[in-house]
Amino acid sequence: MKNTDNNKIGSLLKSLRGSRTIKDVAKSIGISESALAMYETGKRVPRDEIKMKISKYYKKSVGSIFFEESAH
């Protein structure tokens, strides 16, 4: 995955989080705060298992968050 894609994913994750704190969201998902921060800054991309947890938390599809899935 290209770094620009990571940055796009990070921006989307940050916007989905909204006014919630990294601490609260990370705890709800079951990941560390530092991991979530790295995902939001585009420094890391979560493993598939974590992608599914994040998607479930935000009630979005994995594809709509982590891949360029568009409505057809």
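Guide: Helix H1 provides the largest share of the lining of the largest pocket, namely four residues. This is a predicted model, in which local features need pLDDT of at least 70 and side-chain atom pairs pLDDT 80 or more, while totals for chains, interfaces and linings use all residues. Residues are numbered from 1 along each chain as its sequence is written, and side-chain values use heavy atoms, without hydrogens and water.

The pocket (an open set of points on a 1 Å grid where a 1.4 Å probe fits, with protein on both sides within 12 Å along at least five of seven lines) has a volume, the space filled by probe spheres, of about 160 Å³. Ten residues line this pocket (an atom within 4 Å of a point), and Ile9, Ile65, Phe66, Phe67 and Glu68 are the closest to its centre. At least two lining residues each come from H1 (3-17) and H5 (62-66), helices being DSSP runs (H or I) of at least four residues. By class, the lining comprises six nonpolar residues, one polar and three charged.

Ser55 belongs to helix H4 and is buried (under 20% relative accessible area, 1.4 Å probe), at 3%. Its side chain reaches the backbone oxygen of Lys51 at 2.8 Å.

Note on methods: Nonpolar A, V, L, I, M, F, W, Y, C, P; charged D, E, K, R; others polar. Buried < 20%, exposed > 50% of the residue type's maximum accessible area, 1.4 Å probe, protein only. Polar contact = N/O pair within 3.5 Å; in protein donor to acceptor, adjacent residues only side chain to side chain.
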